[in-house]
Amino acid sequence: MSKQNSRESRRQRLEQARKAEQQRKRRIRVAAIGGGAVIVAAAIAVGVTLAVSGGSSATPAGYAPLSTLGALQPAPAAGPLGPEAVPVPSAPALASTATAATGSPVDGISCNAGEQTLFHIHAHLTIFVNGAARQVPASIGIPGGVAQQTQAGPFIGSGTCFYWLHTHAADGIVHIESPVQRTYTLGQFFDEWGQQLGPDVVGPAHGHVTVLVNGKVFTGNPRDVPLTKHAEIQLEVGTPLVAPESISWANTGL
């Protein structure tokens, strides 16, 4: 074989080896990318599963799923919108404010000449007794409340003083307006109202009390329910049990 042919043959072998090495590297990269895609896909699948199932934090401690209550009676039709753009139940009040606090501190909560807005949030309270709605009256926490007549009904705009937990209308909106940021409870609100609250009593109504908070069953003492921002709290005395109601906070501006 001539030297020229030998050099040509060697060159061809080197070129073939180079191409084979490039192909091998491409296969390695594809395999790595594919493996990564599998890992990412697996992670996405796990994420989707957790999202669908709600994950381990779907039902926080102290609560049980709504399904544990069994069949629920549909919530009644909402009443007319009140002055806070929240339905006012077409029902009698659970209890009057005749026994409500009149100005002395209650559970460390004072009654001030003006509303305290350093910490200002709202919760919504709904009450049923044996499946029938009851109003949460206006002027709880506002002794000597004076009603202003609006197109949507009366609104308590003034009084001798304002407790840090109070109601302006009979729509169940509890105003938490405090000079300090802290967690207040439903029990403190009922103490201002002058009404009993416990596992077997809500004001004048007696019987087993079921508590729903944001669509879940609260398993502790009703007095301990925290009044958090936009909390949807529902107290049910006796049976039948009613499905949780909710309001449109976006419409209230609260």
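Trainee: Which residue in β14 does V211 stand opposite?
Mentor: F218. This is a predicted model, where local features need pLDDT of at least 70, side-chain atom pairs count only at pLDDT 80 or more, and totals for chains, interfaces and linings use all residues. Numbering runs from 1 along each chain as its sequence is written, and side-chain values use heavy atoms, with hydrogens and water left out.

Trainee: How do β13 and β14 run, and how many bridges join them?
Mentor: Antiparallel, with 3 bridges. Strands here are DSSP runs of E, at least two residues, numbered from the N terminus. The two strands form a hairpin with 2 residues between them. N214 in that turn has a positive phi of about 55 degrees.

Trainee: What about β15, in which sense does it pair with β13?
Mentor: Antiparallel too, over 5 bridges. Pairing takes at least two DSSP bridges. V209 stands opposite V237 there.

Trainee: Why is β13 called largely enclosed?
Mentor: Because 5 of its 5 residues, 209–213, are buried. Buried means under 20% relative accessible area, with a 1.4 Å probe and protein chains only. V209, V211 and V213 cover one side, T210 and L212 the other.

Trainee: New topic. Where does C161 lie?
Mentor: In the loop between β6 and β7. C161 is buried, at 8% relative accessible area.

Trainee: Which residues is C161 in contact with, beyond four places in sequence?
Mentor: G103, C111, N112, A113, G141, I142 and P143. Contact means heavy atoms within 4.5 Å.

Notes: Helix = DSSP H or I, 4+ residues; strand = E, 2+ residues; numbered from the N terminus. Buried < 20%, exposed > 50% of the residue type's maximum accessible area, 1.4 Å probe, protein only.
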